[in-house]
Amino acid sequence: MTLIVHLSDTHFGTEVPAVVDALRNIVAARQPDLVIVSGDITQRARREEFQAAQQFFRSLPAPALLVIPGNHDIPLFDLLARGFFPYRNYCAALGRQSGTWFGDDVAVFGFNSTSPLRHTKGKLSPEHFRSMLKEAPAEPPQACIRIACVHQPLHTAWMQDAHERLINADSTAEQFSMHGFDIVLSGHVHVPYIATTRDSFPGLTRHFILSGAGTATSHRTRPGAPNSFNFIETRKDGEDMEVDITLCRFDEASGEFSANPAYRFRRARDGWKEVA
Ligand SMILES: [Fe+2]
Ligand SMILES: [Fe+2]
């Protein structure tokens with residue numbers, strides 16, 4: 001069993017201190033194996049914003065951290081920095097822009113879908129898949145749950161956010177399916193979305209789980225979508241695999257995050273299915 005905390009869009013520089021404290025408390029109570037942060041760590045890619053983020057991540061009681069950049073982690077107004085050293089402040093605080101983490105039953109691949117040449121749009125190329133999968137352990141894909149983390153989503157909860165999806169979302173979903181990914185994590189739109197690909201990409205031969213997280217700590221929330229993050233819990237029993245994803249929302253009245261009932265998914269022959 002592996003317990004992962006999936007945070008996104010912390011946007012340090014616009015963080016709400018009470019939400020940051022509440023998040024630290026709930027993560028401490030669960031003692032996860034890994035914290036994943038799917039980009040937009042900062043609001044404007046400033047050094048002091050990355051330092052605040054680094055301090056917060058270090059304060060979380062988890063033995064491992066996997067972080068990828070979002071479009072906000074590249075300078076927007078400083079064109080010199082954007083053109084010549086777009087990831088300088090990110091790397092100084094957080095290290096690599098992509099990375100992997102391998103647990104007992106989980107393999108996590110963090111993809112960098114941003115580019116200084118694009119504004120907010122994200123894209124994955126076949127080269128992204130080739131270079132990430134070079135780091136994969138030499139086990140067959142069914143031996144573990146294979147998780148990808150990207151910033152921009154493949155699908156969004158709200159129709160009006162459809163233009164925020166990854167460029168070439170259909171063919172990118174096929175790539176994830178073909179390479180045996182079980183879960184694709186994302187952020188960017190500040191609205192959580194948890195479902196399999198059965199409705200959004202019905203033509204896939206093998207379905208996977210889409211798990212998008214909201215903004216964990218920023219005041220840049222959207223109407224009806226308070227600060228939130230997700231717990232991801234994997235279970236493996238022989239060839240049977242299950243995943244529970246629990247959306248936790250910040251409640252203004254109590255000043256705490258509270259957990260919704262978990263979504264439960266099970267792996268079948270044609271991929272993942274939601275179960276009651
Ligand atoms: Fe964001
Ligand atoms: Fe973003």
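I count two residues as in contact if their C-beta atoms, placed from the backbone, lie within 7 Å. The model I am reading is a predicted one.

**Overall fold**

I began with contact range. Among contacts in the protein with a separation of 6 or more, 73% join residues 24 or more positions apart. I then listed the secondary structure: the protein has 6 helices and 14 strands. I took the extents of the C-alpha trace along its principal axes and got about 50 × 45 × 35 Å. For burial, 43% of the 276 residues count as buried.

What is the strand order in the open sheet of 6 strands? I read it as 4-5-6-7-9-8, with mixed pairing. Strand 4 (99-102) and strand 8 (193-196) are the edge strands, each pairing on one side only. From one strand to the next, the twist averages 15 degrees.

I went next to strand 7 (residues 183-186). Ile183 and Leu185 point one way, Val184 and Ser186 the other, and all are buried.

With strand 6 (residues 145-149), strand 7 pairs in the parallel sense over 3 bridges. The chain gets from strand 6 to strand 7 through helix 6 (residues 169-178), and this β-α-β crossover is right-handed. Strand 7 also pairs with strand 9 (residues 209-212), in the parallel sense over 4 bridges.

Isoleucine 183 is the partner of isoleucine 147. In strand 9, isoleucine 209 is the partner of isoleucine 183. Leucine 185 is the partner of cysteine 149.

**The nonpolar core**

Which residues touch the most other members of the largest nonpolar core? I found Ile36, Val108, Ile147, Ala148, Cys149, Ile183 and Val184, out of 65 residues in that core. Strand 11 (residues 240-251) gives the most to this core, with 5 residues.

I followed cysteine 149 further. Leaving aside its neighbours within four places in sequence, I find cysteine 149 in contact with Ile36, Ser38, Leu66, Ile68, Val108, Gly110, Phe111 and Leu185. Its contact Leu185 is also its bridge partner in strand 7.

How values were computed:
Residues are numbered from 1 along each chain as its sequence is written. Chains are lettered from A and ligands numbered from 1 in the order in which they are written. This is a predicted model: local features need pLDDT of at least 70, side-chain atom pairs count only at pLDDT 80 or more; totals for chains, interfaces and linings use all residues. A nonpolar core is a set of buried Ala, Val, Leu, Ile, Met, Phe, Trp, Tyr and Cys residues joined through C-beta atoms within 7 Å. A residue is buried if 20 or more other C-beta atoms lie within 10 Å of its own, exposed if 12 or fewer, and partly exposed in between; C-beta atoms are placed from the backbone. Helices (H or I, at least four residues) and strands (E, at least two) are DSSP runs, numbered from the N terminus. Two strands pair if DSSP finds at least two bridges between them. A crossover is right-handed if, with the strands pointing away from the viewer, the path from the first strand over the helix to the second runs clockwise. Axes are lines fitted to C-alpha atoms, for helices over the stretch in contact, and angles run from 0 to 180 degrees between N-to-C directions.
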